[in-house]
Amino acid sequence: LLDPGRFVVFITGATSGFGAAAARRYVAAGGKVIATGRREDRLLALRDELGHDKCHTIPLDVRDRAALEAAIAAIPEPFAGINVVLANAGLALGLQPAAEADLDDWQTMIDTNVSGLVQTVRLLLPGMIARGGGHVVTLGSVAGEFAYPGGSVYAATKAFVKHFALAIRSDLQGKNIRVTDIQPGLTETEFSVVRFKGDEAKAGNVYAGTKPMTAEDIAESIFWATSLPEHVNVNKIQLMATTQAIGPFDIHRG
Ligand code: NDP
Ligand code: 8X3
């Protein structure tokens with residue numbers, strides 16, 4: 001396995017859920033992280049928790065390409081040798097049927113999960129290539145593989161992420177850059193609170209009576225994939241809660 005002390009991980013969406021858990025996992029193993037996200041108070045609390053020498057923070061909206069470019073150009077020397085990009089920032093908004101969904105919600109998901117993700121990866125790739133290699137980890141979803149009612153644009157953004165991750169591998173042949181798409185299912189984070197726009201009761205119902213995965217479960221799978229020897233590329237990891245399975249086809253009988 002690779003020496004975990006060598007990790008310098010650029011994380012989008014480190015203020016909550018998988019991103020925050022991954023930051024903790026890498027620092028616990030001896031690595032360093034660049035934690036980004038929009039909520040600066042949370043970034044600063046994470047930096048205080050993990051240590052200023054281990055965690056550099058950048059308040060950042062991944063939809064803002066200029067801000068991303070400026071932030072990456074200003075990363076201080078101890079954190080400059082990024083060798084893992086965890087393109088994790090993303091969200092689902094709403095669960096309405098397609099004909100009733102809010103177009104602004106759809107646009108926000110596309111801007112964040114698709115445009116934000118590709119510009120993060122694109123801007124960080126040249127540096128990793130110049131330094132001799134690295135690892136891109138994208139946050140897809142089981143929703144990118146299996147469609148479900150009300151999931152339309154969210155699911156489609158995750159299908160995009162899955163295919164983007166596979167496709168860039170072809171361009172990165174010979175560059176020593178690995179690419180892994182993580183595809184989690186039911187995991188309790190702030191994901192559903194965001195999807196239901198702050199309605200905690202509705203969000204709680206998603207996990208009621210079941211045993212969802214945790215952010216730490218997903219962080220462990222990310223850490224594992226990046227810790228394997230450099231000649232091993234895990235293309236994707238799909239995880240579901242044991243209490244979650246795939247349903248039958250939905251056949252309408254008129
Ligand atoms: P959380 O809501 O707990 O965390 C989402 C993170 O994304 C937050 O840190 C948030 O930070 C960040 N984020 C959202 N929008 C932006 C933006 N415009 N710019 C920068 N950061 C942003 O959810 P999860 O940890 O569960 O989700 C992480 C990823 O995993 C997402 O891509 C999600 O789609 C995916 N996923 C989640 C699953 C689940 O069931 N939980 C299952 C499968 C995939 P801030 O608001 O501070 O900007
Ligand atoms: C998050 C999992 O099933 O709510 O991507 O779409 S799901």
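1. Confidence first: this is a predicted model, and the mean pLDDT of the protein chain is 97, with 100% of its residues at 70 or more. pLDDT is the predictor's confidence in each residue, from 0 to 100. The model scores ipTM 0.98 and pTM 0.98.

2. Some bookkeeping. Residues are numbered from 1 along each chain as its sequence is written, while chains are lettered from A and ligands numbered from 1 in the order in which they are written. As the model is a prediction, local features need pLDDT of at least 70 and side-chain atom pairs count only at pLDDT 80 or more, but totals for chains, interfaces and linings use all residues.

3. On to the sheet: 7 strands make an open, parallel-paired sheet in the order β3-β2-β1-β4-β5-β6-β9. Its edge strands, β3 (55–59) and β9 (236–239), each pair on one side only. Neighbouring strands are turned by 15 degrees against each other on average, direction ignored. Strands here are DSSP E runs of at least two residues, helices are H or I runs of at least four, and both are numbered from the N terminus. Two strands pair if DSSP finds at least two bridges between them.

4. Within that sheet, β4 (residues 84–87) and β5 (residues 134–139) pair in the parallel sense over 4 bridges. Ala-87 sits opposite Thr-138 in β5.

5. Helix α4 lies across β1 (8–12), β4, β5 and β6 (177–184), and runs at about 180 degrees to β4. Axes are lines fitted to C-alpha atoms, for helices over the stretch in contact, with angles from 0 to 180 degrees between N-to-C directions.

6. α4 also meets α5 (residues 152–171): their axes come within 9 Å and cross at roughly 10 degrees. The two helices are therefore roughly parallel to each other, a label for angles under 35 degrees. Among the α4 residues in this contact are Trp-106, Met-109 and Leu-117, and the α5 side includes Tyr-154, Phe-160 and Phe-164. Contact needs C-beta atoms, placed from the backbone, within 7 Å. By class, the contact has 11 nonpolar, 2 polar and no charged residues.

7. Ligand 1 has 31 residues around it, with Gly-13, Gly-17, Arg-38, Gly-90 and Phe-191 coming nearest. For the shell, a residue's C-beta atom, placed from the backbone, must lie within 6 Å. α1 gives the most, with 3 residues. The shell divides into 12 nonpolar, 14 polar and 5 charged residues.

8. Ligand 2 is surrounded by Ser-141, Val-142, Ala-143, Gly-151 and Gly-185. That shell has 2 nonpolar, 3 polar and no charged residues.

Technical notes
Ala, Val, Leu, Ile, Met, Phe, Trp, Tyr, Cys and Pro count as nonpolar, Asp, Glu, Lys and Arg as charged, and the others, Gly among them, as polar. Two residues are in contact if their C-beta atoms, placed from the backbone, lie within 7 Å. Angles under 35 degrees count as roughly parallel, over 145 as roughly antiparallel, 65 to 115 as roughly perpendicular and the rest as oblique.
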